[in-house]
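User: I have a model open and want to go through its annotated sites and the ligand shell. Can we take it piece by piece?

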Amino acid sequence: MTLHETATDLWPAPHPDRPVSATVSLPGSKSLTNRALVLAALADGPGVVRRALRSRDTELMATALRDLGAEVDTSSDDWSVVPGPVHAPAMVDCGLAGTVMRFVPPLAALGDGPVIFDGDPHARTRPMHEVIDGLRQIGVRVEDEGRDALPFTVLGEGGVRGGVVTIDASASSQFVSALLLSAPRYEQGIDVRHVGKPVPSLPHIEMTVEQLRLRGVTVLTDEPNRWQVLPGPVRGVDVRVEPDLSNAAPFLAAALVTGGSVTVRDWPQHTTQAGDGLREILALMGAEVTLSEAGLSVTGTGKIQGIDYDLHDVGELTPAVAALCALAESPSHLRGVAHIRGHETDRLAALATELSALGSDVEETADGLDVRPAVLTGGVFHTYADHRMAHAAVILGLGVQGVEVQNVATTAKTFPGFAEAWSGLF
Ligand SMILES: O=C(O)C1=C[C@@H](OP(=O)(O)O)[C@@H](O)[C@H](O)C1
Ligand SMILES: C=C(OP(=O)(O)O)C(=O)O
């Protein structure tokens, strides 16, 4: 045990002695909930976000929007939002939520006064430059004392001009989504142009565009690397949030590792969620995958095949996929995810360190991980305040006896009650 952990921090990961057979319902999507909340706060009338995810990231978003002038009632599973004029001065706690630290400053710029943004210690290291610089390009004043990161202050002047913004979004798709979401309320809308290496997590930008269009906003996407939002009203709507498909990763992975069968209910037939990529990835790793009225069903044989896979579009799945690769019978080459070094932690470094500690033969590359078959042993798996590192840990625990997850409670970022839901599988 090291200095930064106590015995109560350590949670023994379940290690079942028979194949899992389960059907689960999962909480709502973080990405959809937080987009729906932002757009509801910008709308021309009241809105409802049904089956909203209640988690740290979404509660932080609800609190931020409340402090900026919206009424957000989270007392039932269906959250209602009554928009109001954007209010300043205010202080926004972003926690470790990328969606809060990136999506809220462009909304705060519509207010008349200073809005201070800060977050968890690690949040101060997450990339923010393109949002800060992008806002400056359209006439918004941002004070960051040269940090290019949290903490910073958006100095709203009662309205935003909008117009052309040129940014390098190769470190995060959230830079683009952030600038698009509030743009219908800017005088000239926005014309975001990306210049640089390819933008990661494109499904998340498609999600932003789809959610804007659903509320009557015109978004032009005819050219690659360019997104235009025309100025106009955002309709207040009544929407239902899909289950979080990325948080389905450990549950579906359990079918592969134990040679069992898991069904996730309410899996959408059409979705912009990156987690839908699990259907292809798990099939390549040897599972039988079926999408039906009952949901998404995954059946494993107990044998896992390694993969050579570009995760650029679905980077948030990397920790769970890497854990499966560590339990696989053949080598894996995971690539295209240099940008996840800027996620909740440097996920490539963290995965390489923690997998190695359990005996995995893993090598960190510039943009991914090479994982070769090895005999693993139990031990402590550190999570670095990263919910998805905890997901990797519990998947490993299925295949290896004696895995202890340090700070499993960090899963509350997007899934409070994760440990109980996980134990309920066995
Ligand atoms: O817009 C969103 O809701 C997200 C976009 C992605 O970010 P990156 O583009 O930084 O990977 C994803 O990984 C994150 O979990 C959620
Ligand atoms: C990268 C992630 O989160 P965030 O929205 O904080 O960027 C994630 O959930 O994997």
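User: Where is Glu 316 placed?
Analyst: This is a predicted model. In it, Glu 316 is in the loop between strand E18 (308-310) and helix H9 (318-326).

User: What does UniProt list at Glu 316?
Analyst: The unreviewed UniProt entry places the feature "active site" at Glu 316.

User: Which residues is Glu 316 in contact with, leaving aside neighbours within four places in sequence?
Analyst: Ser 246, Ala 274 and Arg 388. Arg 388 is also among the residues that the unreviewed UniProt entry lists for "binding site".

User: Which residues does UniProt list for "binding site"?
Analyst: The unreviewed entry lists Lys 30, Gly 98, Arg 126, Gln 174, Arg 347, Arg 388 and Lys 413.

User: Take Gly 98. Which helix is it found in?
Analyst: Gly 98 is found in H3, residues 98-108.

User: And Gln 174, where is that?
Analyst: Gln 174 is in helix H5, which covers residues 174-181.

User: Why does Gly 98 count as buried?
Analyst: Because 27 C-beta neighbours lie inside 10 Å of Gly 98. Gln 174 has 26 inside 10 Å, so Gln 174 counts as buried too.

User: What is Gly 98 in contact with, leaving aside neighbours within four places in sequence?
Analyst: Gly 98 is in contact with Arg 126 and Gln 174.

User: Switching to ligand 1. Which residues come nearest?
Analyst: Of the 13 residues around ligand 1, the nearest are Ser 31, Ser 172, Ser 173, Ser 201 and His 204.

User: How do the shell residues divide into nonpolar, polar and charged?
Analyst: One is nonpolar, eleven are polar and one is charged.

User: Which domains does the shell draw on?
Analyst: At least three residues come from each of domain 1 (7-27 + 244-423) and domain 2 (30-212). Helices H3 and H5 each supply at least two residues of the shell.

User: Last topic, H1. How many residues does it have, and how far does it reach?
Analyst: H1 (residues 30-41) has twelve residues and reaches 17 Å from first C-alpha to last, close to the expected 16 Å.

User: Why is H1 described as largely enclosed by the rest of the structure?
Analyst: Because twelve of its twelve residues are buried. Among them are Lys 30 and Ser 31.

Methods. Residues numbered from 1 in each chain as written. Chains lettered and ligands numbered in written order. Predicted model: local features only at pLDDT ≥ 70, side-chain atom pairs only at ≥ 80, totals over all residues. UniProt positions renumbered as here; feature names shortened; annotations may be inferred. Helix = DSSP H or I, 4+ residues; strand = E, 2+ residues; numbered from the N terminus. Buried ≥ 20, exposed ≤ 12 C-beta atoms within 10 Å, placed from the backbone. Contact = placed C-beta atoms within 7 Å. Near = placed C-beta within 6 Å. Nonpolar A, V, L, I, M, F, W, Y, C, P; charged D, E, K, R; others polar. Domains from an automatic or database assignment. Expected span 1.5 Å × (residues − 1).
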